[in-house]
Amino acid sequence: MLIVASMLWKASRSDLLTVIGLALILGGAAGNLFDRIVWGQVTDFLEFYIGDLHWPTFNVADSCVVVGSSLLLLDILRPKRQAAQT
């Protein structure tokens, strides 16, 4: 978690996907850590069914980690603009 926090601190403010992705990962990790310290376990409470199909149970913090990781992956795979040469 400290590594993500230091990456967030050093991230370029112009690279919005990276900043949002790192913030979501840090927030999700902090939420799960809080639950683990205070309650002794992470409580998963979101459960979805489509007919007989059951999606694994998860919580909001897990969703933040997944969305943040996806944003970082998108940022890595996205073609970068090159700075204009003057």
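**Entry 1: strand β2.** I began with β2 and asked how many of its six residues are buried. The number is zero, so β2 lies largely in the open. I took buried as under 20% relative accessible area, exposed as over 50%, and partly exposed as in between, with a 1.4 Å probe and protein chains only. I noted that this is a predicted model, where local features need pLDDT of at least 70, side-chain atom pairs count only at pLDDT 80 or more, and totals for chains, interfaces and linings use all residues. Residues are numbered from 1 along each chain as its sequence is written, and side-chain values use heavy atoms, with hydrogens and water left out.

Entry 2: I looked up the partner of β2 (residues 53-58) and found β1 (residues 46-50), paired with it in the antiparallel sense over four bridges. Two strands pair if DSSP finds at least two bridges between them. Across the pair, F48 stands opposite W55, and Y49 stands opposite H54. Two residues lie between the strands of this hairpin, and G51 takes a positive phi near 65°.

**Entry 3: the whole chain.** I listed three helices and two strands in the protein chain. Their order along the sequence is α-α-β-β-α. Helices (H or I, at least four residues) and strands (E, at least two) are DSSP runs, numbered from the N terminus. Of the 86 residues in the chain, 20% are buried. The accessible surface comes to about 6,900 Å², and carbon and sulfur atoms hold 68% of it. Areas come from the Shrake-Rupley method with a 1.4 Å probe; for residues, only the protein chains shown count as cover. I also checked contacts (heavy atoms within 4.5 Å). Among those between residues at least 6 apart in sequence, 47% join residues at least 24 apart.

**Entry 4: salt bridges.** I counted two salt bridges in the structure. The term means a side-chain nitrogen of Lys or Arg within 4 Å of a carboxyl oxygen of Asp or Glu. D15 forms one with R78, with the closest N and O atoms 3.3 Å apart. This pair links distant parts of the chain, 63 residues apart: D15 is in the loop between α1 (2-10) and α2, and R78 is in the segment after α3 (60-77). D75 also forms a salt bridge with R78, and here the closest N and O atoms are 2.5 Å apart. Shared partners join D15, D75 and R78 into one network. Is D75 buried or exposed? D75 is buried, because its relative accessible area is 7%. R78 counts as partly exposed, because its relative accessibility is 36%.

**Entry 5: helix α2.** I then turned to D35, which is in helix α2. D35 is buried yet has no salt bridge, and R36, the nearest side chain of opposite charge, is 8.6 Å away. For charge, Lys and Arg count as positive and Asp and Glu as negative, while His and the chain ends are not counted. Leaving out residues up to four places away in sequence, D35 touches G40, Q41, V42 and T43.

I37 counts as exposed, because its relative accessibility is 63%. With L33, F34, V38 and W39, I37 makes a nonpolar surface patch of about 570 Å². Patches are made of residues with over 30% relative accessible area and no salt bridge; like charges are joined within 9 Å, and nonpolar side chains (Val, Leu, Ile, Met, Phe, Trp, Tyr) within 5 Å.
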